[in-house]
Amino acid sequence: MASYKNFGNAFWHEHHTGANTPSQLSCIQCDPNNVERYFAQCKQFRLNGVMKPFWQDWALSDPANFLLPEPLHHWYHKFWDHDVQWCKNALSSQELDFHYSVLHPIVGMHHFKDGTTTLKQVTSQAQRGMQRYMIAVIGGAASRDVVTAIHALMDFQYLAQAPHITSIMQDKINAALLEFHNHKNAITEEGLQRGTESGSPLDHWLIPKLELMQSVALSISKLGAPMQWSADTTEHAHIEVIKEPASTMNKQSYDAQICHYLDHVERCQLFKTATRLGALNNTDHAHNHDDLEELATEAADVEYGETNKEDDEGEAAVILDDIWSPRWPVPNFFTVAEWLRTALHCSIPYPVRTFASRATALHLNYKPLLHTFLLIWYKVHLQQKSYHNSGSLQPVFTVNAQPPGCTWKYGHHDAAILQVDAHHEWPSSGLTGHAIVDVHLIMCPLSPKGMWQVWDDRFLVYVWQFNIVPQQQASVDRATGLHILKQMTHESGEFLGDIFPLDQIKSYAHLVPRFGEVADTQLMSTNSFHSAQSFWLNHYFDKDFYYALSL
């Protein structure tokens, strides 16, 4: 069995089963009432002093089986406690913070405008946010072996968090962990593993969570995907029911004040429900078709937009769903697109601004800018179905295509995955048959009055394309596992642009500048996308994007 001295080993040790603990307890010849002596003898076996384990009478049970890997505490907290500290020591706190601060922001995701090392309170959400960018941030700045080791741990975590895990993925999980162990010595050799208090370099790997990671693949075979056992739900409940009420108090009589707070919250919700339901008898809730797309624009619950009915029961169900749904419900653009597709031609405005293509749905604002014979939009909302479950929807991403302005001197553009071969579908084909592009203009041409053109009522997009730079007989950089991109140019040096139908946009893509050992101090979050010469295609910004390019 593994002791603390073996935690850094690159192989799985024998299980510490439920039979081991009673066996060790039987070796302790001491009265448990003599607490000091009893604890001293327990310490020899590294026991915690509990005389009668709670599970000892449970038939056919074993802690080695039912105590499972827990993603929140075993992986996310390990990432903050160790991975982030290694990266900070490799780059310096100032350089790491600067890299994070100049990243191109993603609408709806955490942007670390002041860096990461000075955060006063690091929540699990902040840890997830850091993970999205870490590999691209350190790529080229830390040594290749260090980047390879941290990249392997990131692959391990992303693969192990998949909702459905096959035997092939289990092999990849084991391979990623082995890859880390093959390169981890670079971390200690460069002095990046340091004591929390002393700050001095350490040459050992006494990290219990590393040993726990060895059992992940085995536990998947027995009990399924680890994410179903995550503590996220209970932790979130603790925040809503304990932390948030406590933050409004005077630090006196916590139990009574928390119950009083929760009672008030419940009364407010019930009152809101009653007033909304009562209003059904006095208010016309019928929505016209323009309202449907407006609701989608506001990222409201699309089910509310579907209720163009005279049936009060349908309205009541919608209102209840609206009130008791999560704070930030995920809209369903696919439902809107299907409803508009099957509606009577004369009953909806054209061109339809919400439409779906296979696993991607796109939505444009209802009111565009009119420029002579061109309708122009500055952004498009994009939603995809889950990689592992087509019945599950992903949050909405926003692809910007704004012209230069006061804040964004060179314009606010986002990258996207664009389909160029109809025989290959995203996400099952990965990048095969697809290109990475920089979206510059979203438009719909209008014919002069009295004329009709083939491109009438067609949504188009003008883009600049990127080339994937080959890497030593591979398409990705070996250290980071990421694609390296450079913008395509004409012989004259001008960027290569082209126009495509908008529905060929299949996914948001996040690009990170290749900073090198020391980043250009002129970079900012508003110009890094324009000023960099080459980029990393950041696979890790979204788990479904990662699975599309990795499986």
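What follows is a working chat about one predicted protein model.

Trainee: What should I know about the model before reading off values?
Mentor: It is a predicted model in which local features need pLDDT of at least 70 and side-chain atom pairs count only at pLDDT 80 or more, while totals for chains, interfaces and linings use all residues. Residues are numbered from 1 along each chain as its sequence is written, and side-chain values use heavy atoms, with hydrogens and water left out.

Trainee: How many helices and strands does the protein have?
Mentor: There are 19 helices and 15 strands. Both are DSSP runs numbered from the N terminus, helices being H or I with at least four residues and strands E with at least two.

Trainee: And what does the C-alpha trace span?
Mentor: About 100 × 70 × 45 Å along the principal axes.

Trainee: What share of the residues count as buried?
Mentor: 46% of the 551 residues. Buried means under 20% relative accessible area, exposed over 50%, and partly exposed in between, with a 1.4 Å probe and protein chains only.

Trainee: Of the contacts between residues at least 6 apart in sequence, what percentage join residues at least 24 apart?
Mentor: 63%. A contact here means heavy atoms within 4.5 Å.

Trainee: Switching topic. How many salt bridges does a search of the whole structure find?
Mentor: Five. The criterion is a side-chain nitrogen of Lys or Arg within 4 Å of a carboxyl oxygen of Asp or Glu.

Trainee: What is the N to O distance for aspartate 477 and arginine 144?
Mentor: Their side chains meet at 3.2 Å.

Trainee: Is aspartate 477 buried or exposed?
Mentor: Aspartate 477 is buried at 7% relative accessibility. Arginine 144 is partly exposed at 47%.

Trainee: Which residue does glutamate 425 bridge to?
Mentor: Arginine 358, with the closest N and O atoms 3.5 Å apart. Glutamate 425 sits in the loop between strand 8 (415-419) and strand 9 (434-445), and arginine 358 in the loop between strand 1 (354-357) and strand 2 (360-363), so this pair ties together parts 67 residues apart in sequence. Glutamate 425 is buried at 19%, whereas arginine 358 is exposed at 63%.

Trainee: Where do glutamate 338 and arginine 341 lie?
Mentor: Both are in helix 17 (residues 333-342), three residues apart, which is about one turn of the helix. Glutamate 338 is partly exposed at 39% relative accessibility, and arginine 341 is exposed at 61%.

Trainee: Back to helix 7. At what angle does its axis cross that of helix 19?
Mentor: Roughly 105°, and the axes of helix 7 and helix 19 (residues 543-550) come within 10 Å. That makes the two helices roughly perpendicular. The axes are lines fitted to C-alpha atoms, for helices over the stretch in contact, with angles from 0 to 180 degrees between N-to-C directions. Under 35 degrees counts as roughly parallel, over 145 as roughly antiparallel, 65 to 115 as roughly perpendicular, and the rest as oblique.

Trainee: Which residues meet there?
Mentor: Asp155, Tyr158 and Leu159 in helix 7 meet Lys543, Tyr546 and Tyr547 in helix 19. These residues divide into four nonpolar, no polar and two charged. In that scheme Ala, Val, Leu, Ile, Met, Phe, Trp, Tyr, Cys and Pro count as nonpolar, Asp, Glu, Lys and Arg as charged, and the others, Gly among them, as polar.

Trainee: Where does tryptophan 426 lie?
Mentor: In the loop between strand 8 and strand 9. Tryptophan 426 is buried, with a relative accessible area of 4%.

Trainee: What does tryptophan 426 touch?
Mentor: Not counting residues up to four places away in sequence, its contacts include Ala359, Ile417, Phe545 and Leu549. Its side chain also makes a polar contact of 2.8 Å with that of glutamine 384. A polar contact is a pair of N or O atoms within 3.5 Å; within protein, one must be able to donate a hydrogen and the other to accept it, and residues adjacent in sequence count only if both atoms are side-chain atoms.

Trainee: Last one: which side chain does histidine 181 make a polar contact with?
Mentor: That of lysine 184, at 3.2 Å. Histidine 181 lies in helix 8 (residues 167-183) and is buried at 5%.
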